[in-house]
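This briefing goes through one protein model, topic by topic. Please have the sequence and the structure in view while reading.

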Amino acid sequence: MSNYINRKYMKIIKYILASLLFIGFISCEDKLDTSPAVNQPVDVIFKTVENGFVSLNGIYRSMYRTTWATDYKTENFGQASVNLAAELMGEDMAQYASGSGWFWYDYLYLVRTEYTSLEDRPYVWWAMYHAIISNCNYILKYAPGAEGDEDDRNSLLGQAYALRAYSYFYLAQFYQRTYKGHEDDPGIPIYTEPTDNKTKGVPRGTLRQTYKRITDDLNEAIRLLENATGQTHISHIDYYVANGIKARVALVMEEWETAENAALEALKKPSLKLMSTTDLLNGFSSKDNVEWMWGSEVIPDQATTWYSFFGHMDASAGYHAEMAQKCVGSWLYNMINDNDVRKSWFNGINTNPEPKPWEVDYCQQKFRDDSPSAEGDLVYMRAAEMYLILAEARCQRENYTGARQALSDVITYKYPTYETVLRSKTDSKNLTLKSTEKNQTVTLMDEIILQRRIELWGEGFRILDIKRLKTGFIRDYPGSNHTTNARFNITDPESWEWVMLIPQKEFDGNDSLDPRTDQNE
């Protein structure tokens with residue numbers, strides 16, 4: 001209970017966001033300080049493309065660092081922590097117990113209003129993505145004239161554009177309702193130039209303007225990356241990953257043809273293939289997986305152990321996970337056919353009277369790490385997602401044959417009798433399966449979304465899909481949760497519960513925003 005009291009009432013007086021390799025973000029009286037934290041001018045730092053890549057790698061390293069908050073480090077470890085919270089905000093991941101309290105408050109919807117704290121989601125996520133954006137803006141400002149190979153320069157700049165788009169995309173999804181139907185609602189303040197603590201703040205603009213920035217950046221990234229050095233490390237965004245991000249954005253914008261074409265282009269990535277059924281059960285913890293398109297390699301001396309994704313997911317490894325197991329909702333588990341290899345990602349009902357931590361009902365086994373320090377690699381994009389986007393986009397365009405083919409390609413080898421299931425679904429782009437209200441899928445779109453929920457479980461998509469599909473969710477059914485206070489339903493498709501409040505720090509430092517009119521509520 002002490003953790004909860006601290007979260008609700010502790011007043012944070014000082015904070016530090018640890019610097020990237022070349023630009024730091026430090027505390028000041030009233031606003032984020034995005035000044036360069038270096039002794040040399042930035043034009044000297046960006047004299048060569050090689051130096052520019054040192055800066056870019058610092059941004060990628062920031063995506064799994066633990067210093068985004070000074071106190072709650074164990075639940076603020078970059079993109080993977082965002083993904084885990086996003087899963088717990090939906091209905092397909094259940095947390096078995098509160099453990100030490102980490103991620104429990106996401107699960108119970110008790111963090112979105114903590115906008116005055118410098119340790120909670122509203123501030124930390126806002127600060128993290130803006131830090132990435134500011135770093136990208138320095139690269140885009142000073143690196144175009146850097147000395148070096150042109151293909152390398154295109155890669156450097158293209159990745160910066162893609163990372164900026166990616167960051168604005170996450171801000172738009174978490175700090176406003178979904179795009180469709182809310183195009184003219186307030187968006188995210190847009191910065192395309194380097195910023196520091198003297199930079200004048202800008203207003204929110206509209207969500208339409210935010211998504212225009214995202215799509216413009218992605219199109220420029222793709223143009224540059226098409227004529228660039230290829231992916232040299234799994235952490236780097238290349239032409240194919242940029243198209244994958246574009247496909248994600250197009251799903252939210254309901255631009256189905258764009259989503260289909262971008263997913264198809266992403267799947268052209270050389271050597272990319274779907275993982276084998278053996279690899280499906282190997283723990284999702286290695287960058288060497290043939291299906292991974294983008295992720296973070298976690299090397300041993302940078303492993304964050306307790307403060308890590310696997311420290312929260314793998315109950316057999318110890319750490320927080322053995323006290324607060326992450327489990328699949330029983331409804332989704334029961335929807336997975338017994339002949340589907342993916343059912344082995346989860347336990348069924350436990351029959352051991354004294355179960356070990358990883359043996360409890362419905363405990364996940366999808367994400368496992370056998371290393372001594374929870375140093376598993378982190379996946380941000382893989383081929384299966386692109387097939388699922390392809391299926392959804394084609395179904396929306398009423399190309400039902402093409403949608404079935406995409407589903408068949410990604411599912412049948414995992415579930416040998418799946419073709420029979422596919423043939424039983426009605427040709428329709430309507431989604432009738434809202435959450436857990438029915439025990440079977442009816443339309444082809446129902447089946448596509450069900451397979452998306454199974455295949456991408458734990459990878460950070462569920463609450464974002466609930467928002468864009470406007471389905472709401474139901475958590476109050478037998479076996480849905482292991483604790484009664486998590487059994488609740490949010491069925492309003494326009495619910496503000498899925499929208500973070502803008503941090504007070506932003507209002508304190510941005511004269512263009514008024515908390516009375518610009519706050520999300």
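This is a predicted model: local features need pLDDT of at least 70, side-chain atom pairs count only at pLDDT 80 or more; totals for chains, interfaces and linings use all residues.

How many of the ten residues of helix α4 (residues 79-88) are buried? Ten of the ten are buried, so helix α4 is largely enclosed by the rest of the structure.

**Helix α4**
- The buried residues of α4 include Gln79, Ser81, Asn83 and Glu87.
- Ala80, Val82, Leu84, Ala85, Ala86 and Leu88 are also among the buried residues of α4.

**The nonpolar core**
- In soluble globular proteins, nonpolar side chains tend to be buried together.
- Here the largest nonpolar core has 166 residues.
- The residues with the most contacts inside this core are Leu163, Tyr211, Ile237, Trp294 and Ile463.
- Leaving out residues up to four places away in sequence, Tyr211 touches Phe169, Ala172, Gln173, Tyr179, Val249, Val252 and Met253.

- Arg248 is part of helix α9 (residues 239-253).
- Arg248 has a relative accessible area of 7%, and it counts as buried because this value is under 20%.
- Beyond residues up to four places away in sequence, the contacts of Arg248 include Tyr166, Phe169, Tyr170 and Tyr380. Met381, Glu385, Ile389 and Phe461 are also among them.
- Phe284 sits in the loop between α11 (277-280) and β4.
- Phe284 is buried as well, with a relative accessible area of 3%.
- Not counting residues up to four places away in sequence, Phe284 touches Met275, Trp292, Phe310, Trp345, Lys366, Phe367, Asp377, Arg382 and Glu459.
- From C-alpha to C-alpha, Phe284 and Asn197 are 41 Å apart in space, and they are 87 residues apart in sequence.

**Cysteines**
- A disulfide is a covalent bond between the sulfur atoms of two cysteines.
- The model has zero disulfides, with a pair of sulfur atoms within 2.5 Å as the rule.
- For Cys327, the closest cysteine sulfur is in Cys363, at 4.8 Å, which is too far for a bond.
- Cys327 is buried, with a relative accessible area of 0%.
- Cys136 is buried too, and its relative accessible area is 0%.

**A surface patch**
- Trp306, Tyr307 and Met323 make a nonpolar surface patch of about 290 Å².
- Trp306 lies in the loop between β4 (292-296) and α12 (309-313).
- The relative accessibility of Trp306 is 40%, so Trp306 counts as partly exposed.

Terms used
Residues are numbered from 1 along each chain as its sequence is written. Side-chain values use heavy atoms; hydrogens and water are left out. Patches are made of residues with over 30% relative accessible area and no salt bridge: like charges are joined within 9 Å, nonpolar side chains (Val, Leu, Ile, Met, Phe, Trp, Tyr) within 5 Å. Accessible areas come from the Shrake-Rupley method with a 1.4 Å probe; for residues, only the protein chains shown count as cover. A salt bridge is a side-chain nitrogen of Lys or Arg within 4 Å of a carboxyl oxygen of Asp or Glu. Helices (H or I, at least four residues) and strands (E, at least two) are DSSP runs, numbered from the N terminus. Buried means under 20% relative accessible area, exposed over 50%, partly exposed in between (1.4 Å probe, protein chains only). Contact means heavy atoms within 4.5 Å. A nonpolar core is a set of buried Ala, Val, Leu, Ile, Met, Phe, Trp, Tyr and Cys residues joined through side-chain atoms within 4.5 Å.
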